[in-house]
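Reader: I would like to go through this model with you before I set anything up. Could we begin with the overall picture?

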Amino acid sequence: MTLTLESIPGSSGYLDLFPDRRMSYFSNMYVLGLTVIAGIGGLLFGYDTGVISGALLYIKDDFEAVNQSSFLQLPGTWRWMLGVSAVPAIIQFVLMLFMPESPRWLFMKSDKEKAILVLSKIYDIARLEDEIDHLSAAAEEELRKKKTVRYLDVFKSKEIRLAFLAGAGLQAFQQFTGINTVMYYSPTIVQMAGFQSNQLALLLSLAVAGTNAVGTIVGIYLIDHFGRKKLALSSLAGVIISLVLLSWAFISGSSASSSGVYGWIAVIGLALYIAFFAPGMGPVPWTLNSEVYPEQYRGICGGMSATVNWISNLIVAQTFLTVAELVGTGATFLILAGIAVLAVVFVILFVPETQGLTFLEVEQMWKERAWGSSLNTESLLEHGNSS
């Protein structure tokens, strides 16, 4: 059969040609089930429970209402607080035993019957046939050129270097624009803003965390309707405005005789920061890293990018309070705003739009970026014409 970019299932061209074959993820119970199973442990409850538990332990000496709560007076409370995150992880482990393998992986292992069974739960009959043909051709091509990819191979190929720069750079900017600083230290930041009531400060910080949760849910909808790059840029624009507002509130509040008004401005800036960050720069780096690499490099580049994210997180978390003591809280937020401006430039120059692209289209896109547009799509279609 002949595969063209416009006829590859899942590509933007394919869906334009056959709009009736576009699937809705929110109405597909099978896909929703997989999403719930994948999210129960690591993405939703496990990580957030650990962060919130650690935050409560960190702030209990500063917040009398927290320190004197009956829950914290129980023997071994901190162990229970940290250990409770194991519960959703155990639930996820059990549920994942019933998850099917990826259809692409099954095709690679020549288990086409199981692959077709999985695909039939996702697509209707019209698109199912196209997906089977595409996976068959893609599996044959991948087996033909399959080789063991090493870490150094990522940096030997110009197109893969560019892809890794986009993915890892976006992960780094996600952290260096200060999101986990805001989440970890939101009670401290609220107190810095001049709120002396411990209960009020705690309630405001919990409201910030709630805004983060709502924003993330909004991002799930926007990311496939607005596009990854546009969503990241609009998110960063709001982050810059919020950080400048925070900086102004702290600088002006420190010099004013009454900091009450500026304290509320700081809290508003904090909430706006989360509201802009959560739908965009929260999910986009992770989504883009699952799409931006040629299939052969997805695993290794995705793992390396995640490492960049956590190292950046560590650096920011360990330096925020130190930098705030040296130059002041307002100046620190201004520095983060400057980093967010650099992030905007980075996204414009190095991050492509991956919405609606197949693995083959992504591979071709990076080849054209690395070696020029003269490298046309003929090489991409050779395997389709030959089959």
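This is a predicted model: local features need pLDDT of at least 70, side-chain atom pairs count only at pLDDT 80 or more; totals for chains, interfaces and linings use all residues.

Reader: Turning to H16, how far does it reach from its first C-alpha to its last?

Author: Helix H16, residues 298-327, reaches 41 Å, close to the 44 Å expected for its 30 residues.

Reader: Where does H16 bend?

Author: The bend is at Thr-319 and amounts to about 40°. Buried residues of H16 include Val-316, Ala-317 and Phe-320. After H16 comes Gly-328, with a positive phi near 100°.

Reader: Now to electrostatics: how many salt bridges does a search of the whole structure find?

Author: The search finds four. In one of them, Glu-291 pairs with Arg-228, with the closest N and O atoms 2.6 Å apart. Glu-291 lies in the loop between H15 and H16 and Arg-228 in H13, so the pair ties together parts 63 residues apart in sequence.

Reader: Are Glu-291 and Arg-228 buried or exposed?

Author: Both Glu-291 and Arg-228 are buried.

Reader: And which residue does Glu-363 form a salt bridge with?

Author: Glu-363 forms a salt bridge with Lys-367, at 3.6 Å between the closest N and O atoms. The two are four residues apart in helix H18, which means a separation of about one helical turn.

Conventions
Residues are numbered from 1 along each chain as its sequence is written. Side-chain values use heavy atoms; hydrogens and water are left out. The expected span of a helix is 1.5 Å times one less than its number of residues. The bend at a residue is the angle between axes fitted to the seven residues ending there and the seven starting there. Buried means under 20% relative accessible area, exposed over 50%, partly exposed in between (1.4 Å probe, protein chains only). A salt bridge is a side-chain nitrogen of Lys or Arg within 4 Å of a carboxyl oxygen of Asp or Glu.
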